[in-house]
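Have the model open while you read.

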Amino acid sequence: MLVTLRLAYAIYRLRTMAASSSFSELPLVAVCQVTSTPDKEQNFKTCAELIREAARLGACLAFLPEAFDFIARDPEETRRLSEPLSGNLLEEYTQLARECGLWLSLGGFHERGQDWEQTQKIYNCHVILNNMGSVVATYRKTHLCDVEIPGQGPMRESNSTIPGPSLESPISTPAGKIGLAICYDMRFPELSLALVQAGAEILTYPSAFGSVTGPAHWEVLLRARAIETQCYVVAAAQCGRHHEKRASYGHSMVVDPWGTVVARCSEGPGLCLARIDLNYLQQLRKQLPVFQHRRPDLYGNLGHPLS
C-alpha cells in the first residue's frame, strides 16, 4: 500500500511540475492531526507547536481538525468548556497567526453564540484567520451527527449543539478559494456541489471520525467529494483516544481533484504537507467538464426527504 501511495504521489508531483513553472513555487498547506482532550491549555500547546512547525516548513495555511479546542466527556462538560468567539482561546490563536504569519483553518470551535443565554447550546464553528489574525470567515456546522453505530457508541451532537443556519461563500486564501464544511457534512454531496458552484477550489472537512466509520468510509468519502467536484479536499482529523469514552480514527489527508491522495498523516499527532496546483485543477476541469453536463432539470429536488 505504501509503495502504491508513493508511486501515486510521484506521478502527481511530475504532473504538477509539468503544469507549473516551478513545483516549489506552488502554495504549500499543512494538515495537522491531534488528539484533543478536555484539557484546553494542553490542546493549545500541541496545536501551537504544529502550527509553528508548519510555518517553519514554509506553509501558507495550516488546517486544524474539528474540536481542536477540546473533546469533552459529556454535553455538560462541552457547555462548560465552550467560549464565545471573543473569548481568550480564539485570542491566543489570533496572536499565533500573527506571530507565524500564517493563515489558520480552525476546524471546529465550540462557540457560545449570541443565543447562548436563551439556548444553553453551542455552535460547532469553523473559523478562518488570516495571517494578521483577523477572522475572515466563519461557518457553523449545518449537519449534526446524531447516529447509532454498532461498536462505536451513540453520538448525539444535537444534545449540546445547534445546527448552523446556512452555508458560507468560499473564502479566498493564498492557497485558493476554500469552501468550509465540518466532518459529518462530507456525507452530503449537495453541500460540496453548492460550494464548488459558488467558486470553491478547495473543500475542507476538519473531522473527528469514529473508529468504526473511519476505516469504512473516511477515505472513500473524501476521494468521492474530490472527484465529483474536481476540487482539492483537505481533511484534518482527530486521532487516538481522547478520554475513556471516545477515540478517533485519524488518517488526515489531502486529495487532489483527480482523486489521488497526495499527502497523509502517519499514526498519532503530527502534520503532513501538500502543494496546491490550481493550474492543474483548471486543466482537469476543462478536460472533464462535468459541470457543463449536469442536468438539474432532472434532479433539481435532490436532497428532499424520501417519500
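## A buried isoleucine

Let's start with Ile 128: its relative accessibility is 1%, under the 20% cut-off, so this residue counts as buried. Keep in mind that we're looking at a predicted model. Ile 128 belongs to strand β4, which covers residues 123-129.

Who surrounds Ile 128? Setting aside neighbours within four places in sequence, its contacts are Trp 103, Leu 104 and Ser 105, then Ser 134, Val 135, Val 136 and Ala 137, and finally Ile 171 and Leu 180. Met 155 sits well away from Ile 128: the two are 27 residues apart in sequence, and their C-alpha atoms are 26 Å apart in space.

## The largest pocket

The largest pocket comes in at about 950 Å³. Sorted by class, the lining holds 17 nonpolar, 15 polar and 10 charged residues.

Which element gives the most to this lining? That would be β7, with four residues. Elements supplying at least two residues each are α3 (75-81), β3 (103-111), β6 (146-149), β7 (153-156), β12 (239-243) and β13 (246-249).

Is Glu 157 buried or exposed? Its relative accessibility is 10%, and anything under 20% is classed as buried, so Glu 157 counts as buried.

The Glu 157 side chain also makes a polar contact with the side chain of Lys 141, at 3.0 Å. Beyond its neighbours within four places in sequence, Glu 157 is in contact with Glu 66, Asn 124, Lys 141, His 143, Leu 144, Cys 145 and Asp 146.

## The second largest pocket

The second largest pocket holds about 230 Å³ of space. Glu 190, Leu 193, Ala 194, Gln 197, Arg 294, Pro 296, Tyr 299, Gly 300 and Leu 302 make up its lining, which divides into five nonpolar, two polar and two charged residues.

Two helices to look for here are α6 (189-197) and α9 (296-299), each supplying at least two lining residues. The largest share, four residues, comes from α6.

Terms used:
Residues numbered from 1 in each chain as written. Predicted model: local features only at pLDDT ≥ 70, side-chain atom pairs only at ≥ 80, totals over all residues. Heavy atoms only, no water. 1 Å grid on protein atoms, 1.4 Å probe; cavity = no way out; pocket = protein on both sides within 12 Å on 5 of 7 lines; lining within 4 Å. Points joined across faces, edges and corners; volume = space filled by probe spheres on them. Nonpolar A, V, L, I, M, F, W, Y, C, P; charged D, E, K, R; others polar. Buried < 20%, exposed > 50% of the residue type's maximum accessible area, 1.4 Å probe, protein only. Polar contact = N/O pair within 3.5 Å; in protein donor to acceptor, adjacent residues only side chain to side chain. Contact = heavy atoms within 4.5 Å.
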